[in-house]
Number of protein chains: 2
Amino acid sequence: MKLLSNPQSDGFYMPGEYEPHQGTVMIWPQRPDIWRNRAKEAQEVFTVVANTIAEHEPVTMLVNHDMYDRAQRMLSDRVQMIPIANNDAWCRDIGPTYVRNSGGIVRGIDWKFNAWGGTKDGLYYPWEEDSRLAKNLCEQQKFDYYSLEEFVLEGGSIHVDGEGTAIVTKECLLSKGRNPQLKKEEIEGVLKSYLNVSKVIWLEYGIFQDETNGHVDNICCFVKPGVVVLSWTEDSKDPQYERSLSGYEILSTERDAKGRKLTIHKLHLPKPQYISKEESEGIVKAEGTKQRKEGDRMAASYVNYYVCNGAVIMPGFHDPMDQPARVKLKELYPDREVIQIYTREILLGGGNIHCITQQIPNSNER
Amino acid sequence: MKLLSNPQSDGFYMPGEYEPHQGTVMIWPQRPDIWRNRAKEAQEVFTVVANTIAEHEPVTMLVNHDMYDRAQRMLSDRVQMIPIANNDAWCRDIGPTYVRNSGGIVRGIDWKFNAWGGTKDGLYYPWEEDSRLAKNLCEQQKFDYYSLEEFVLEGGSIHVDGEGTAIVTKECLLSKGRNPQLKKEEIEGVLKSYLNVSKVIWLEYGIFQDETNGHVDNICCFVKPGVVVLSWTEDSKDPQYERSLSGYEILSTERDAKGRKLTIHKLHLPKPQYISKEESEGIVKAEGTKQRKEGDRMAASYVNYYVCNGAVIMPGFHDPMDQPARVKLKELYPDREVIQIYTREILLGGGNIHCITQQIPNSNER
C-alpha cells in the first residue's frame, strides 16, 4: 500500500546496513550497451555475488522475463527469483530503500529515479521500468511504501549509521541533474524526514570520475555508529588525493547525531583502473547511453562493499592493494567472514558490489 | 651439507601439507616467454598470494638479482627476500621438498629438474639455474639435503598424507621425458625411500592438457589422512570426464598405508578456460619455450590450492563454480580461513597457487 505520510512522522528509520537483514535484493544484468559481450561476464560475477550472499541470508534476484530461464540455470537454488521489469541492474539505486520501526515493521521508500541525472547527465535513456521497480517490488513483497514523485535520489548516494546520522556528498545531491529546484537545506529536510536522521554530514566529493556524480557509497561508509572508512590514496598527483583529503578533513571535524567524534579508517584505493580496448569493443554503442571508451579511468574503490548477516562481501581488482584492503576489513569486522570477489566486470558497468545489492532489514512480524 | 644416505634410512619423512609450517617459499616470476606483458600481471598476483600467506606464516621470496628492487617495492614488509638465480617461478617443482624426523629436524630433497620433460617435452630451455636452486636454497637456509642426480621429479607430481601414503599419476611419473630408464616399481622404490612412504597410489591421469604431464597436485590432494579431494566434472563430453572418473574408481578401491578406505570429495571444475588472443599476444615467443596460443585450453582446477597455517589459499577463475568450490573447501577445512584469489594470470603461466608455493615443515630446533 502506498502511504501518504513520511517515515519520520510514522516512527520509521533506516537501520545501519550492519544490522540484521531478512534478506538481500539484486537485479539481473543484461543490457549490451552497459555490460560487455551481452553481459556474459557480468552475469557470471552477479551469480558469484548472489550465491555468496545466499550462503549467509536469503537473496532475491529480480529478472526481466526474457532472462528468467538463463538466470535460473546460473543461480544457485538458494536464490529466489522474481520476474520484474527493469532497465538495468543497480538495485542499490533502483530498488526501494527499506525503513523499519521499533515494532519491527518494515516499509519501503520509492524515490524518484532518473538514471543518475536524467536528460542532464544521466547514464542511459529511457529508464521507465527502473522508475517503476521499487513500487512494483514493494507491492509484490507486500511492503507498504512511501513514494516521492518529485524527489530524485538513489540509495547509493546515502549512508546511515542507524542512530540518526547520514553521510552524503554535495557533488551528487546538489548535482544539476537531480533536484536543481531545491536548496541544500530543503534536500537535507527530505533526508531527515525519510531516513529519519537528525544529522546529515555533507562531504564535498565522491570518487574521481564516478559517473554517479560521486555517490557516497563508493568513498565512505559506516562500519558501526561512530566509525567510518574512507577511500584513500597517498599519491598527491592523483586527482583523487584532494577529494579524499577533503573528506578526511570534514569527517574529522564533524560530530554525529549523538555528538560523537568519528573514528576514521583509511582504506587505500587500488591503483587507477582503466578500460581496455577489448573491454570497450565488447560494449554495444547505443544512443542515450554513456559510452565506455578505451583508456577511461574507472571509479574503483574497496569501500563499495556489502555487509550481510555474518559476512562482508568486498571487491577485488587483481591489484596488490586487494590483500591489505581485505586484511583491513577483517580487522574492522572481526565477527564477520570477509569474502573478496574479483569484480572488474561490475566496475566496467559503472559500480561495484554495494551498488548491485539492497538489504531488507529484519522484522519481527515477517 | 649434502647427505649421501636417504630420508627413510635416516628416519625422515615428508609431512602432510596441512601439518604446521615454519614458512613458505616462493619464486618471483619474470620471464616474458611464459608470463605475458613481461610478467606485469603475474608479479601482481604473486604479490597478492605472497602477502596473503604472510598474514599466516613467514614467506620467503626468491628473486633473480635484477628483480630485487622491483619485488621489494611490490611485496609487503612481511615477506623476506633472498636473491637466488632461477629460470622460472614454480617453487613447488623447482624448490626442495622438505622432510622432517621425529626430533623435529628438517632437511631438503634436491630432485633432478629438467623443466617438465627435458628435451623430450619440456616447457623451456635452458633450466640450469632452476636445477641448482634447491641445493642453493638449502645451503643458504642451512638445511642439510639429499641430492638425486639421476632421478627427475617435481614436487607437484607427488602428494603425501604424512602417514605413509603418497598419490601420484602414471601420466607424469612414467612419462618419456623424466625417467624412461626406470620401471614403475623402481620409481615407486625411490618414492618410498625419499618420501618415506609405504604405499603409493597410482592414478592414471592428471588434468586434461596439463602441460606438466598431469601433475597430481592439479587433480587430487589429501585434506587429511584418509580424506582426499578430486577434481570433477559431470560433463561426459569433456575429455576430463574419463580422467576424473578413472581417478575416482582407483581411489575408491585403494587403501592407504594404514589400511583405511579413502573418503573422496568431488571438487567440481570451473568451465573450460581458454587463452584469449590478447593474452597470447602478450607472451614473447622464444625458441625452446612451449608456445601459448589463442584458443588453447588451460588446465584450470580448484584442487591447485595451498594449505598454510590457519588458512587455505585457493584459486578463483571468475567462474560461477568459484563460489561452490570455496564453500566446499570451507566445509572440508572448518578450522581454517578459506581465501580465494583470482589467479587466471598464474593459470596462463601453466599452473596455480599450489605450483608456486612450497612449505617448510615446523621444526623443534629452529
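**Figure 1. B:Ala166 stands opposite B:Val200 of strand 11 in chain B.** The model is predicted: local features need pLDDT of at least 70, side-chain atom pairs count only at pLDDT 80 or more, and totals for chains, interfaces and linings use all residues. Residues are numbered from 1 along each chain as its sequence is written, while chains are lettered from A and ligands numbered from 1 in the order in which they are written. Strand 10 of chain B covers residues 165-169. It runs parallel to strand 11 of chain B, and 5 bridges join the two. Strands here are DSSP runs of E with at least two residues; helices are runs of H or I with at least four; both are numbered from the N terminus. Two strands count as paired if DSSP finds at least two bridges between them.

**Figure 2. Three-stranded sheet of chain B.** The 3 strands form an open sheet in the order 9-10-11, with mixed pairing. Strand 9 (159-160) and strand 11 (199-203) of chain B are the edges, each pairing on one side only. Strands of a sheet pair through backbone hydrogen bonds, either parallel or antiparallel. Strand 9 of chain B runs antiparallel to strand 10 of chain B, through 2 bridges. Within strand 10 of chain B, B:Ile167 is the bridge partner of B:His159. The hairpin of strands 9 and 10 of chain B has 4 residues between the strands. There, B:Gly162 takes a positive phi near 80°.

Figure 3. B:Thr165, B:Ile167 and B:Thr169 point one way. B:Ala166 and B:Val168 point the other way. Strand 10 of chain B is mostly covered, with 5 of its 5 residues buried (20 or more other C-beta atoms within 10 Å of the residue's own; exposed means 12 or fewer, partly exposed in between; C-beta atoms are placed from the backbone).

**Figure 4. Surroundings of B:Ile313.** The largest nonpolar core has 215 residues. Such a core is a set of buried Ala, Val, Leu, Ile, Met, Phe, Trp, Tyr and Cys residues joined through C-beta atoms within 7 Å. A:Ile313 and B:Ile313 have the most contacts inside the largest core. A contact needs C-beta atoms, placed from the backbone, within 7 Å. Residues up to four places away in sequence aside, B:Ile313 touches B:Val49, B:Thr52, B:Ile53, B:Tyr305, B:Tyr306, B:Cys308, B:Ile339, B:Ile341 and B:Ile353.

**Figure 5. Helix 2 of chain B.** This helix (residues 40-54) has 15 residues. It reaches 21 Å from first C-alpha to last, close to the 21 Å expected at 1.5 Å a residue. The expected span is 1.5 Å times one less than the number of residues. Of the 15 residues, 14 are buried, so helix 2 of chain B is largely enclosed by the rest of the structure.

**Figure 6. Contact of chains A and B.** A rotation of 180° with 0.0 Å of shift along its axis superposes chain A on chain B, at RMSD 0.0 Å. The two copies are thus related as by a two-fold rotation axis. In chain A, the C-alpha nearest the axis belongs to A:Tyr342, 3.2 Å away. The contact takes 17 residues from chain A and 17 residues from chain B. On the chain A side, helix 2 (40-54) and helix 11 (322-332) are the elements that give two or more residues. Helix 2 of chain A gives the most, with 6 residues.

Key
Contact = placed C-beta atoms within 7 Å. Least-squares fit on C-alpha atoms with pLDDT ≥ 70 in both.
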